Amino acid sequence: MALHLIKLCVGADSIQDLRDWVAERSLNAMAAGLEPHSTHTTRMVPKRVDELLENGSLYWVIKGQVLARQKLLNIETFTGGDGIQRCHLILGPEVVETAPQPKRPFQGWRYLKDEETPRDLGKLGEGVAALPEELRRELAELGLL
């Protein structure tokens, strides 16, 4: 069973904001001769790396709801210039929309068990995926999605 991370997507107001950020970083990686990916740096280093890398994703909370995920490709630890250990979460280039799931604010990241994750939006049917993001948010807040 896969283990995942969940984190607030600070600075993004929509899935499109996240997609734009990911696309820019993927292009930078390709320009450097690397596979397309994005990197997110965090201070806390996960202890359950092997479980996360089996088939885990980073789930993004945008404006109070889990709305998207990216596949975790690797986790690289390093020590910053200030002597504090950090890690780079190496993420796949695809942003997968999920069914909206309300989530209260928290700091840093948290582990997320597979059975607690929202389903991918594409698995809910074309009708749901075709709804505007704002309408999906409202339906989720009402418990209708």
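User: Happy to have this one open! Where is Leu-72 found?

Analyst: Leu-72 sits in strand β4, where strands are DSSP runs of E with at least two residues and helices are runs of H or I with at least four, numbered from the N terminus. Do keep in mind that this is a predicted model, in which local features need pLDDT of at least 70, side-chain atom pairs count only at pLDDT 80 or more, and totals for chains, interfaces and linings use all residues. Residues are numbered from 1 along each chain as its sequence is written, and side-chain values use heavy atoms, with hydrogens and water left out.

User: Why does Leu-72 count as buried?

Analyst: Buried means under 20% relative accessible area, exposed over 50% and partly exposed in between (1.4 Å probe, protein chains only). Leu-72 has 1% relative accessibility, so it is buried.

User: And what makes Lys-63 exposed?

Analyst: Its relative accessible area is 56%, therefore Lys-63 is exposed. Lys-63 lies in the loop between β3 and β4, and has a positive phi of about 50 degrees although it is not a glycine.

User: Which residues touch the most other members of the largest nonpolar core?

Analyst: Leu-5, Leu-18 and Leu-89 do, in a core of 20 residues. A nonpolar core is a set of buried Ala, Val, Leu, Ile, Met, Phe, Trp, Tyr and Cys residues joined through side-chain atoms within 4.5 Å. The most residues come from β4, which gives four.

User: Which residues are in contact with Leu-72, leaving aside its neighbours within four places in sequence?

Analyst: Contact means heavy atoms within 4.5 Å. The partners of Leu-72 include Leu-5, Leu-58 and Leu-89.
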